[in-house]
Each structure stands twice: as structure tokens, then as C-alpha cells.
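Here are my notes on this one, point by point. Have the model open while you read.

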Amino acid sequence: MVSKIRQSLLASLSAHQDTYVSGQQLAEESGCSRTAIWKHIEELRGDGFSIESKRKKGYRLIGRSDLLTENDILLGLETKTLGRNVIYFDSVDSTQKIAHKLAQEQAPEGTLVIAEEQVTGRGRMARPWHSPKGTGIWMSLLLKPTLPPQKAPQFTLIAAVAVVQAIHDVSGIQVEIKWPNDLLVHGRKLTGILTELQADSEQIHSLIIGIGMNINQQKEDFPDELSSIATSLAIEKGELISRAAIVQRVMYHLERYYDIYMNKGFAPIKLLWESYAISIGKNITARTLNGTLTGVASGITDDGVLLLEDSEGTIHPIYSADIELNLNDREKK
Ligand code: BTN
């Protein structure tokens, strides 16, 4: 747990980024001795914050690390609950796996498990998820909504809308959603979302939203099998992006939409989701476990199920599938 003193120190230093803040002032603001301040500054440096010190002048924050430690996330986080309990790893098998374990141990709602690297990150349909060190965001968020388990898929769509807005806030880049959980830029995958749950037949006990985001990878960082289908924000924007800022905005929007959803239902989220979705109204091929269907994606239901209308006019509900857009085919008028 980050101490209140370190939070207060970082807040004062960030508020005076171009000037020095004296040890005395920091000590008064944080309510501790100057020696304690010095110790905390050393710890912050150890965590990757670049803090200059000058005799008789004090301390100046030069830069923040691009790490995703508890400090990096809490400083500037604008939420009440989501992301307030950060469990950070340098390297981990899968944040999803840790979040499941924490859920069983009664970790609080809003707990965020985040790692610089995942060794066995996993995606939908048990596919591996490439999670190299220090360049992406690999995180799993624990929620405990009082809802029946049938509602769980809606959370993938809620998270997708929050991520689209967070990316736009921080980078100005507009991301598109491909049902159910792919976020794409120029047709290449930037983010994937994996929603899992612990539940009985009546009620969700814990919902774990795993989000994997390609942020600062360069083209050559992707393995061959991903290089033509994946992208990163840095590739799209041509500059490095603060990962902590993205995490903070995802938490902020997700908390807002979670609140709207619990109070007003799925309808407002559905409207937003459809406005960002590329597959709706398009001719698609859906590969499901029971076979392949082709037709027009006519919309999603209130439960987040995709509706596919085939050439005979029959509507098929699609619960789980890989979707391919048939770009040159007919579009629904
Ligand atoms: C997909 O598109 O298939 C979903 C990918 C989800 C990846 C994230 S990264 C953080 C969390 N931990 C995992 O092992 N997977 C999810």
C-alpha cells in the first residue's frame, strides 16, 4: 500500500514541476520530518521517478517513469473505487489468473492486477496473448456486480466503450470495435478484452475483466505471426504514450459506465457501443464452434448478443465467434 506521505510528496512535486520545492515545505505538507522526506524521495527514485535535488533549493520532479506501479497509477487517478487497490507485478504468469485467486480471497471491488510482463497471458478461446515487458498494458479488474451470470457478456461491451474513450482522451486516436472484444485501428488489433466470472446459477460473485493493450511496441517488437494483424498506439501515433495515463482514463470511464449501467441499464451503453462498432450493417462471416455463418450483422441484443441476418432473412443470434468482415460484399442499406 502506498503511504499517504508518498502520495502527498508526489502531489506537491507534480504541482510544481518547473520549480524546486524545499524539503521543509514538503515536510510541513506531509506532516513528517525532513529526514523522512529524504528517505521517501530515495524510494520514489527506486520506483523510477526522476527527482532532482539541489542544496538550499530542495527537490524537483523531472519525469515520471513509464512504469505501472501503484504510485504511477494512483497519482492522477480520478475514481472512487476502480483501480484504488493496485496489485503490481514486474512479471507474472497471467494477471487474469491472479485476479481469480484474489477474488476467491475476497479482495475488494475495483482491485486492479497489473503487470509489466505476462509469461502465459491468455486471450479468448484459450489462445496465447503476447504480453512483452514494459510496452503494453496487461491488467485484470475485479468487479462484484449484484447481477445474474447471463449479464456478464455485457461487461465486455462496457469495457470496450471505456477503452475507446480512454484512448481517444490520451492520444486523440479513434479506435473501432469489432464484436465482441477486439479494438482495432486501421483494421489491426490494438486491444483485446476477456471477461470471466465466478458465479452460481443465480448470481455473479466476481467478474474479472482482463484488458490487454498494445501501447508502446514498435513494428519490429511484434512476432511474425502478429506483425500484419496487430498494431500499437505508438505505431499509430508516431510517439510514445504514457501507459499510466491510459490506465487512469480506462478506470475513470469504466467507473462512469459501470455506474450508468447499474442505474439505467444497458440501453445507453448499447447506443455508444454501436456508434463505435465497425461490424454492424456489414457483411460478415462468423466462425462459431458449431459452424460458419455468413450474412449481415444487423445489431446486438440488449444482452450483447450479435444478430446475423443470412441471405434468406433468418436472424441468427451469435453468442461466441470469430468475426471476419467481408469488405467487398454487399452492405445492408
Ligand atoms: C482477446 O482478445 O482474446 C482477449 C485478450 C485479453 C488479454 C488480457 S491481458 C491481461 C489479462 N491477462 C490475461 O492473461 N489475459 C488478459
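1. Which element gives the most to the shell around the ligand? That would be S8, with 4 residues. Bear in mind throughout that we're looking at a predicted model.

2. On the shell as a whole: 20 residues surround the ligand, and the closest of them are Ser94, Gln118, Arg122, Arg124 and Lys189. By class, the shell residues split into 6 nonpolar, 11 polar and 3 charged.

3. The side chain of serine 94 has an N or O atom 2.8 Å from an oxygen atom of the ligand. Glutamine 118 also uses its side chain, with an N or O atom there 2.8 Å from a nitrogen atom of the ligand. With arginine 122, look at the backbone: one of its N or O atoms there lies 2.7 Å from a ligand nitrogen. As for cover, the ligand on its own has 420 Å² of accessible area, and the protein covers 97% of that.

4. Where does the ligand sit? You'll find it in the largest pocket.

5. Methionine 125 deserves a quick look. Its phi is positive, near 55°, and this is a residue other than glycine. You'll find methionine 125 in the loop that runs between strand S4 (111-118) and S5.

6. Another backbone detail to check is the peptide bond between tryptophan 179 and proline 180, which is cis, with omega about -5°. Proline 180 belongs to the loop between strand S6 (176-178) and strand S7 (182-185).

7. Now the hairpin of S1 and S2. Strand S1 (residues 50-54) pairs with strand S2 (residues 58-63) in the antiparallel sense, over 5 bridges. To get your bearings, find glutamate 52, which stands opposite arginine 60 in S2. There are 3 residues between the two strands, and in this hairpin lysine 56 takes a positive phi near 70°.

8. Strand S11 (residues 291-300) runs antiparallel to S10 and is joined to it by 6 bridges; the two form a hairpin with 2 residues between them. Alanine 286 has leucine 293 in S11 as its bridge partner. S10 also pairs with strand S14 (residues 322-325), again in the antiparallel sense, here over 4 bridges. For that pairing, look at threonine 285, whose bridge partner in S14 is glutamate 324.

Notes. Residues are numbered from 1 along each chain as its sequence is written. This is a predicted model: local features need pLDDT of at least 70, side-chain atom pairs count only at pLDDT 80 or more; totals for chains, interfaces and linings use all residues. Side-chain values use heavy atoms; hydrogens and water are left out. A residue is near a molecule or strand if one of its heavy atoms lies within 4 Å of it. A polar contact is a pair of N or O atoms within 3.5 Å; within protein, one must be able to donate a hydrogen and the other to accept it, and residues adjacent in sequence count only if both atoms are side-chain atoms. Accessible areas come from the Shrake-Rupley method with a 1.4 Å probe; for residues, only the protein chains shown count as cover. On a 1 Å grid over the protein atoms alone, a cavity is a set of points where a 1.4 Å probe fits but cannot get out, and a pocket is an open set with protein on both sides within 12 Å along at least five of seven lines; lining residues have an atom within 4 Å of a point. A molecule sits in a cavity or pocket if more than half of its atoms lie within 2 Å of its grid points. Ala, Val, Leu, Ile, Met, Phe, Trp, Tyr, Cys and Pro count as nonpolar, Asp, Glu, Lys and Arg as charged, and the others, Gly among them, as polar. Two strands pair if DSSP finds at least two bridges between them.
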